[in-house]
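Q: Hi, I am new to this one and would like to go through it step by step. Could you show it to me before we start?

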Protein chains: 2
Amino acid sequence: MRIGELAALVGVSTRTVRHYHHLGLLPEPERLPNGYREYRLRDAVALARVRRLAELGLSLDEIRDVLADDRGRELREVLLELDADLARQERAIAARRRRLAALLTETDLHPDSTVSPDMAELLRAVPAGLSGFADFDREMLTVIDTGADPRDRAELVELFRPLLEPEAIARSHDLYARLDELADARADDPRIPGLARDLADHLPPEMASAMVTSLGGPDTGGGWLEHMAMELSPAQAACFRSMVTILKERA
Amino acid sequence: MRIGELAALVGVSTRTVRHYHHLGLLPEPERLPNGYREYRLRDAVALARVRRLAELGLSLDEIRDVLADDRGRELREVLLELDADLARQERAIAARRRRLAALLTETDLHPDSTVSPDMAELLRAVPAGLSGFADFDREMLTVIDTGADPRDRAELVELFRPLLEPEAIARSHDLYARLDELADARADDPRIPGLARDLADHLPPEMASAMVTSLGGPDTGGGWLEHMAMELSPAQAACFRSMVTILKERA
DNA sequence: TTTGACCTTGCCGTAGCGTCAACGTTTCTC
DNA sequence: GAGAAACGTTGACGCTACGGCAAGGTCAAA
């Protein structure tokens with residue numbers, strides 16, 4: 001039997017057969033005088049073994065190990081491990097499909113809208129398209145949501161939860177409007193002190209303390225808030241710094 | 001912000017960031033005089049967008065297309081296609097896990113035992129470990145099961161079904177024993193004609209005709225049976241040829 | 001004789017980065 | 001001020017399980 005016949009018999013490509021030879025999964029058979037490989041039925045049996053294990057999802061390396069140790073002892077362990085892995089994949093796929101389903105029901109489908117469900121809840125508290133500063137906030141929240149691991153994300157959501165109250169949302173609209181007004185103002189604008197105080201009052205206490213410690217300590221969040229301040233207009237940045245000062249005095 | 005800081009912020013490796021630059025998913029930022037990349041917050045926003053789409057399961061090429069066409073029109077199509085793909089994967093994984101579960105309940109776990117459920121049913125009619133010829137038959141059935149596509153497999157199972165009857169199984173044990181006795185015999189052994197006739201009688205009619213046409217025609221199964229005959233002892237091969245002759249005469 | 005269907009080896013390509021290598025820069029520490 | 005640690009740079013190879021192509025050699029039929 002030559003390689004094409006063997007491959008057709010077992011239902012693979014000749015390239016696959018040669019690949020298995022190369023990896024040592026299948027012994028090289030005798031050669032005919034012209035250099036062609038000459039297979040026997042036992043090669044088909046061996047190849048079929050490899051194929052069935054591969055179709056179960058074992059990697060070719062795992063198959064080599066199983067065939068080397070032979071006789072099922074290790075096979076059971078590998079299969080159990082494989083099943084656990086498949087179970088994990090199954091859950092991951094189901095979770096992704098849930099997220100997809102939630103996304104596809106949305107009216108305004110945009111790459112930015114593909115955040116986690118937790119963050120989607122928070123974003124509903126921040127108006128989109130109305131205020132430049134609110135849009136900036138939304139982008140920052142989106143970045144944080146992408147980068148944070150689930151534990152931090154849950155913590156973050158808890159920090160923000162008080163801002164989801166209706167009166168807090170109403171207050172935030174006023175604050176965003178006043179922040180937008182500072183977009184073209186100078187750093188000594190007289191409206192800054194009042195707005196900084198109102199912002200400090202607006203923030204939930206836990207969030208305020210988290211911000212202060214984050215700015216003070218050398219941990220991951222530190223540089224992040226500074227970079228955020230750098231993107232603001234001079235007046236907005238001054239307002240932000242003033243607010244932080246107020247929060248520090250209170251702490 | 002330098003590359004490490006950006007990467008930490010969004011939760012990826014610096015290698016990933018550079019990879020996205022290379023693929024054009026993320027614009028190259030300004031460079032500092034020393035050659036370092038200098039990022040702004042908008043780069044973090046862009047990177048976070050890419051990451052969220054990637055975590056949904058889009059390929060980087062698809063992400064580039066979506067970001068190029070921007071504004072959700074194409075995104076919806078891609079996500080629908082992705083969901084269909086995920087659904088397919090989910091079904092495939094579930095099917096594999098069912099096969100794994102069936103396998104793991106078996107007592108003698110061996111690479112050879114990883115056949116399809118259909119073939120497992122057939123193999124129960126062929127004794128394992130008792131007869132050398134029966135073991136050979138089992139191997140051949142295993143090879144066929146691996147190589148055949150599902151349609152052919154179902155057809156094959158139907159051909160074999162009569163052999164699953166209790167009296168057929170009892171007959172087959174006798175036949176296997178007599179075939180084993182021919183392992184060391186010569187091609188002119190006097191027991192051959194009788195055994196060939198009993199074998200011909202044993203085969204279901206549909207199976208017999210399938211064998212004859214398969215041997216006669218130049219289709220895929222033809223060479224396969226010849227190769228099988230080559231692996232037998234001279235007396236067994238003679239018996240096989242004799243049986244085929246009888247089947248042809250009857251047809 | 002020529003075509004066409006096989007076979008041979010070998011190398012590049014895939015997706016999404018990880019992981020060196022070999023080197024320059026910045027920053028912390030002593 | 002000097003050394004070490006921790007950054008940054010580009011470039012190249014590695015991983016899976018083969019597919020595809022190149023550049024041939026071999027064999028049977030037309």
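Q: Which residues come nearest to DNA strand C?
A: Of the 18 residues around DNA strand C, those that come nearest are G4(A), R37(A), S13(B), T16(B) and L60(B), where a residue is near a strand if its C-beta atom, placed from the backbone, lies within 6 Å of it. Please keep in mind that this is a predicted model, in which local features need pLDDT of at least 70, side-chain atom pairs count only at pLDDT 80 or more, and totals for chains, interfaces and linings use all residues. Residues are numbered from 1 along each chain as its sequence is written, while chains are lettered from A and ligands numbered from 1 in the order in which they are written.

Q: Switching topic, how many residues does each chain put into the contact between A and B?
A: Chain B gives 53 residues and chain A gives 54 residues, with two residues in contact if their C-beta atoms, placed from the backbone, lie within 7 Å. On the side of chain B that touches chain A, the largest share, 16 residues, comes from α5(B). That side divides into 27 nonpolar, 12 polar and 14 charged residues (Ala, Val, Leu, Ile, Met, Phe, Trp, Tyr, Cys and Pro count as nonpolar, Asp, Glu, Lys and Arg as charged, and the others, Gly among them, as polar).

Q: How are the two copies related?
A: Chain B is superposed on chain A by a rotation of 179 degrees with 0.0 Å of shift along its axis, at an RMSD of 0.5 Å, using least squares on the C-alpha atoms of residues with pLDDT of at least 70 in both. The two copies are therefore related as by a two-fold rotation axis. The same surface serves both copies, as 100% of the contact residues of chain B recur in chain A.

Q: Which residue of chain B comes closest to the axis?
A: That is E90(B), whose C-alpha lies at 3.2 Å from the rotation axis.

Terms used:
Helix = DSSP H or I, 4+ residues; strand = E, 2+ residues; numbered from the N terminus.
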